[in-house]
Amino acid sequence: MKNLITSCLAIVLAYVVAVTAVSAQGNYAVQPGDTLRIEVLEDTSLNRNALVLPDGRFSFPFAGTVQAGGRTLSQVERAITSAISSNFAVEPNVFVSVLRVEGPGLLGTEAAALGPDAINVYFIGEIGSPGLRAVMSGTTFLQGLSQSGGFTNFAATKRIQLRRTDPVTGAPSVVNINYKALTRGANFQQNVILQEGDVILVPERRLFE
């Protein structure tokens, strides 16, 4: 009897914890730097993790750029659903959750593990594991890319962009990188050394690309 009561209490406690977690996520306002998990019930090939950029936006197939910063998860779900509905026979079921809150404490811990020579680099777009990464100073483009979880099925690997801002003048610059050519040994000068604040953007593949 005692074991039965203990088991029942454990089940009730687990339920309460689960409901509390769902409620907390439902009221959570998305922040830049967060990593969202997005799932589409009708097309699992669209399922992915998406990094919310400093401007509060992220990109998603068929939807283009989606505003997330300051919105609740249910509002982000509705925005994605509205944007991609024309590609489905019926309204798709979209689910969004917070996979990782990219607060300064988490990033600081990661950087501290690498020592004082660590730099921070963004990996965004059609990447298996998008997000802000701390890498060692001197890390090359290919080395950094190996820490991003690879590409999604939608990745346009011939049109990768490395976006950089000059720390002195603030002037932006873009280096276009053909990953396929680079891995074949061509255009090896594109395997640039990463710098603090670099953004590696892997765009979505076009229809016949």
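This is a predicted model: local features need pLDDT of at least 70, side-chain atom pairs count only at pLDDT 80 or more; totals for chains, interfaces and linings use all residues.

**Charged pairs**

I started with salt bridges and found 2 in the structure. To count, a side-chain nitrogen of Lys or Arg has to be within 4 Å of a carboxyl oxygen of Asp or Glu. Residues are numbered from 1 along each chain as its sequence is written, and side-chain values use heavy atoms, with hydrogens and water left out.

R48 is in strand β2 and E126 is in the loop between β6 and β7 (131-136), so the pair ties together parts that are 78 residues apart in sequence. (Helices, H or I with at least four residues, and strands, E with at least two, are DSSP runs numbered from the N terminus.)

Are R48 and E126 buried or exposed? Both R48 and E126 are buried. Buried means under 20% relative accessible area, exposed means over 50%, and partly exposed is in between, using a 1.4 Å probe and protein chains only.

I also noted the salt bridge between R164 and D198, at 2.7 Å from N to O. It links distant parts of the chain, with R164 in strand β8 and D198 in the loop between α5 and β10, 34 residues apart. R164 and D198 are both buried.

**Rings**

R48 turned up again, lying over the face of F60 at 5.7 Å from the ring centre. The rule for a charge over a ring is NZ of Lys or CZ of Arg within 6 Å of the ring centre and within 35 degrees of the ring normal.

Next I searched the whole structure for aromatic pairs and got 1. F151 and Y179 sit edge-to-face, 4.9 Å centre to centre with 75° between the planes. F151 is in the loop between α4 (141-145) and β8, while Y179 is in helix α5 (residues 179-183), 28 residues apart. My cut-offs: rings of Phe, Tyr and Trp (its six-membered ring) pair if their centres lie within 6.5 Å, and planes under 30 degrees apart are stacked, over 60 edge-to-face and the rest tilted. F151 is partly exposed at 27% relative accessibility, and Y179 is partly exposed at 24%.

**Pockets**

How much volume does the largest pocket have? I got about 530 Å³. A pocket is an open set of points on a 1 Å grid over the protein atoms alone, where a 1.4 Å probe fits, with protein on both sides within 12 Å along at least five of seven lines; lining residues have an atom within 4 Å of a point. Grid points are joined across faces, edges and corners, and the volume is the space filled by probe spheres set on the points.

The largest pocket has 32 lining residues, and L53, I124, R163, V199 and L201 lie nearest its centre. Among the elements giving two or more residues to this lining are β2 (48-51) and β8 (160-165).

The second largest pocket holds about 200 Å³. Its lining includes F62, N153 and F154.

**Last look**

I200 lies in strand β10 and counts as buried at 0% relative accessibility.
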